[in-house]
Amino acid sequence: MNQNDLLNVRHTTLDEARSDMLDALRKRLTNHSLEARFYNDPHVFRIDMEEVFQKEWLFVGMTSEIPSKGNYFTVQIGQNPILVVRDAQGNINAFHNTCRHRGSVLCHEQRGKVANLVCPYHQWTYDLKGNLLFAGNEMNQGFDKGQHGLQAAHCKHSGGFIFVCLAQTAPDDEFDAFLSSLDDYMAPYDVENTKLAAESTMYERANWKLVLENNRECYHCAGSHPELLNSLLEWDDTHDPRAPQDFIDHYNAQAAQWDAEGIPHQHKSFGRSQRNRMVRMPLKKGTKVMTMDGSVACKKLLGRVKNPELGSMRILHLPNSWNHMQSDHFIVFRVLPISAQESIVTTKWFVHKDAVEGVDYETEKLRHVWDATNEQDKNLGERNQMGINSIGYQPGPYSETYEFGIINFLEWYTSTIQKNLVTP
């Protein structure tokens with residue numbers, strides 16, 4: 001807990017905080033930002049972790065990051081270290097990254113490749129399906145290895161995206177429908193034949209909801225993101241109430257080309273307040289991808305893509321991911337909370353697996369636009385957090401025209417917290 005967190009503790013027990021939080025959400029002003037406690041109170045943060053990040057489906061990574069048997073990556077969800085690994089049959093499994101002996105973390109590295117999972121503390125050994133293979137000869141008589149396999153986490157993947165859920169029972173209401181469409185929309189990119197070309201991990205002194213709120217609107221783009229606006233059209237999707245006729249005409253012209261190539265593009269959304277959404281959007285006329293000059297960043301196009309002017313397929317998954325799929329590369333973003341006023345934003349760039357750095361692509365060109373945009377968003381989020389910490393802060397109104405994405409996000413957050421708090 002950092003110093004700002006300590007300054008903003010509301011002196012209540014956790015049970016009182018839960019009751020208080022429910023009451024505040026029921027009474028909140030529609031289409032307004034949340035009370036300060038939702039952005040800086042450690043009790044509220046703990047409830048967010050327990051009722052959102054330990055109960056909902058979370059994006060963690062891409063299947064092409066673990067292309068073969070024994071490849072793994074790790075991710076930290078609050079205080080829960082998670083391990084995602086591909087087994088000998090090609091299945092992708094997620095486990096709590098903690099040994100069943102004394103609880104030590106099994107895999108410390110961010111990614112790697114192993115034959116088996118061996119605890120570095122006492123060498124307990126597990127196979128890639130989580131079964132305990134070896135516990136030494138020192139265990140008491142009657143010890144049953146079959147009862148001491150790794151604790152699994154729910155894991156699903158579709159279209160190359162990997163999601164985990166830490167709840168005992170995972171919510172599947174609309175999620176499977178989203179996964180089915182995601183598979184169809186991602187098919188042209190052939191994600192299994194891509195590779196991770198670059199990655200950044202950014203520490204941001206801002207609550208995770210502020211990170212998402214900033215992403216859910218482009219009201220701030222004209223004043224903050226000159227690099228991004230070289231190629232990006234600020235309209236959120238084809239349903240954006242601000243979209244003028246010339247944009248609609250541009251979209252229709254691009255859509256005719258996509259249809260001819262069998263590239264999915266129609267807006268689809270799933271769940272409360274468009275929690276899961278995908279839509280292909282054109283970029284500015286004359287630009288192909290999100291680079292400084294709009295030209296392709298990689299000479300090898302992805303999958304079965306033939307047209308470099310594929311625009312950007314935007315994929316949203318609440319609570320922690322937004323993504324941009326383009327003709328020659330794609331970019332995925334993952335947000336994970338650290339504390340009431342700290343978050344980690346991870347950005348990954350993927351290209352065709354046969355693309356050669358320095359020949360087919362230059363990493364600096366690939367990264368430039370979003371490195372700049374991420375840094376700008378970090379500054380905006382941290383300043384937002386500082387202002388909310390002030391005793392002068394009061395919830396302010398959102399524009400239904402320019403900030404409807406935030407309104408949708410907070411409607412989802414509010415309903416999710418309320419549902420999970422009252423469900424045993």
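I began with the domain bounds, which come from an automatic or database domain assignment. The model I am reading is predicted.

**Entry 1: domains.** I looked up the division of the chain and found domain 1 at 57-165 and domain 2 at 175-389. Taken over C-alpha atoms, the centres of domain 1 and domain 2 are separated by 30 Å. To the contact, domain 1 brings 22 residues and domain 2 brings 30 residues.

**Entry 2: the interface.** I then asked for the area buried between domain 1 and domain 2, which is about 1900 Å². Carbon and sulfur atoms give 59% of that area. I noted four salt bridges between domain 1 and domain 2, and 14 residue pairs in polar contact, both residues at pLDDT 80 or more.

Which elements give two or more residues to the side of domain 1 that touches domain 2? I listed β1 (58-62), β2 (71-77), β9 (152-158) and β10 (161-165). The largest share, five residues, comes from β1. By type, I recorded nine nonpolar, nine polar and four charged residues on this side of domain 1.

I also looked up a salt bridge between the side chains of Lys156 and Asp176, with N to O at 2.7 Å.

**Entry 3: helix α4.** Is α4 (residues 42-53) largely enclosed or open? I found eleven of its twelve residues buried, so the helix is largely enclosed by the rest of the structure. Among the buried residues I noted Pro42, Val44, Phe45, Ile47 and Phe53, and also the charged side chains Asp48, Glu50 and Glu51.

Terms used: Residues numbered from 1 in each chain as written. Predicted model: local features only at pLDDT ≥ 70, side-chain atom pairs only at ≥ 80, totals over all residues. Heavy atoms only, no water. Buried < 20%, exposed > 50% of the residue type's maximum accessible area, 1.4 Å probe, protein only. Helix = DSSP H or I, 4+ residues; strand = E, 2+ residues; numbered from the N terminus. Contact = heavy atoms within 4.5 Å. Buried area = accessible area lost by both parts, 1.4 Å probe. Polar contact = N/O pair within 3.5 Å; in protein donor to acceptor, adjacent residues only side chain to side chain.
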